[in-house]
Amino acid sequence: MAKIELKGLQKTYANGHRAVQALNIDIDHGEMLVLVGPSGCGKSTLLRMIAGLEPITEGELLINGERVNEREPGERDIAMVFQNYALYPHMTVFDNMAYGLKVRGMARAAIRARVEETASLLELEALLERRPRQLSGGQRQRVAMGRAIVRNPRLFLFDEPLSNLDAKLRGQMRLEIKRLQRKLNTTAVYVTHDQVEAMTLADRLVVLNQGRVEQVGRPMDIYRRP
Ligand code: ADP
Ligand code: ADP
């Protein structure tokens, strides 16, 4: 469980481009915040700053009241799910999911138990010995989810996780993600350009435009406007 606070967060790239400008957003424990906005408005930049993949130029990122600006990505207790899965091609599904636990030094038996529990949550039990190339797109996306969930992180970051899937699978996975996030009650920030996804998933929606917040509210309130 985590409360996230973005306090005056800014990103100016080396070429002087201001991708994110003085952003102030609080995200509650267990809340799913969905970020939408036109291409180039700063969504990925913001996610990457939260994940620690991009330095914060100005402002503060607080997790449960603690400043984490200077922490390495691996020290933030955050898991990110990407659209291109980012699975290790030479490893089995089991090893893909176990990897993050191994590098943290978890004992072998505990890893097995944790991976199996996660696999059952995602109905991946029968696929644990396969490699990514032997999986469908939807199955790969489930493994990517599994890899995020298995660590029991304080925060999920989703960067358009479903945009490579066909419409039917996207619909299924959308419901799956909602179900899992509710069940685990993990705070989440979810980036998408799909309006249906935003409507279905968001507890609260943030519309970004040119690095600034244009609107914040419940999906109903935002999409109802003319
Ligand atoms: P979105 O994810 O909403 O499409 P991005 O966060 O990727 O937007 O990009 C925000 C803006 O910052 C865009 O104008 C983009 O071209 C610019 N940008 C992204 N990365 C860099 C970079 N490394 N250097 C300079 N400008 C960048
Ligand atoms: P995405 O599909 O995630 O929006 P992009 O194709 O916009 O990714 O960007 C790919 C990479 O190029 C990213 O690492 C981003 O930071 C970088 N990038 C994007 N825009 C610029 C830019 N104007 N100048 C320099 N790097 C950029």
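Leaving aside neighbours within four places in sequence, which residues is Lys178 in contact with? Select Lys178 and you'll find Thr200, Leu201 and Asp203, where contact means heavy atoms within 4.5 Å. Before going on, some ground rules: this is a predicted model, local features need pLDDT of at least 70, side-chain atom pairs count only at pLDDT 80 or more, and totals for chains, interfaces and linings use all residues. Residues are numbered from 1 along each chain as its sequence is written, chains are lettered from A and ligands numbered from 1 in the order in which they are written, and side-chain values use heavy atoms, with hydrogens and water left out.

**Stop 1**

The Lys178 side chain reaches the backbone oxygen of Leu201 at 2.6 Å.

Now widen the selection to helix H5, residues 167-184, which is where Lys178 sits. Helices here are DSSP runs of H or I with at least four residues, strands are runs of E with at least two, and both are numbered from the N terminus.

Colour the buried residues of H5, among them Gly171, Met173, Arg174 and Glu176. They pack against several elements, including strand S3 (32-36), helix H3 (108-121) and helix H6 (195-201). At the start of H5, look for a side-chain oxygen of Asp166 within 3.2 Å of the backbone nitrogen of Lys168. Following H5 comes Asn185, with a positive phi near 55°.

**Stop 2: the core**

Next, pick Val34, Val115, Met145 and Phe158. Among the 42 residues of the largest nonpolar core, these touch the most other members. A nonpolar core is a set of buried Ala, Val, Leu, Ile, Met, Phe, Trp, Tyr and Cys residues joined through side-chain atoms within 4.5 Å. Apart from this core lies another of 28 residues, among them Ile27, Cys41, Ala51 and Leu208.

**Stop 3: ligand 1**

Centre on ligand 1 and show residues with a heavy atom within 4 Å of it. The surrounding residues include Asn15, Pro38, Gly40, Ser44 and Thr45. A polar side-chain atom of Tyr13 is 3.4 Å from a ligand nitrogen, and one of His17 is 3.2 Å from a ligand oxygen. Cys41 brings a polar backbone atom 3.2 Å from an oxygen of ligand 1. Taken alone, ligand 1 exposes 560 Å², and the protein buries 62% of that (Shrake-Rupley areas, 1.4 Å probe).

Helix H1 (residues 43-51) gives the most to this shell, with three residues. Seven of the nine H1 residues are buried, including Leu46, Leu47 and Ile50.

Conventions. The expected span of a helix is 1.5 Å times one less than its number of residues. Buried means under 20% relative accessible area, exposed over 50%, partly exposed in between (1.4 Å probe, protein chains only). A polar contact is a pair of N or O atoms within 3.5 Å; within protein, one must be able to donate a hydrogen and the other to accept it, and residues adjacent in sequence count only if both atoms are side-chain atoms.
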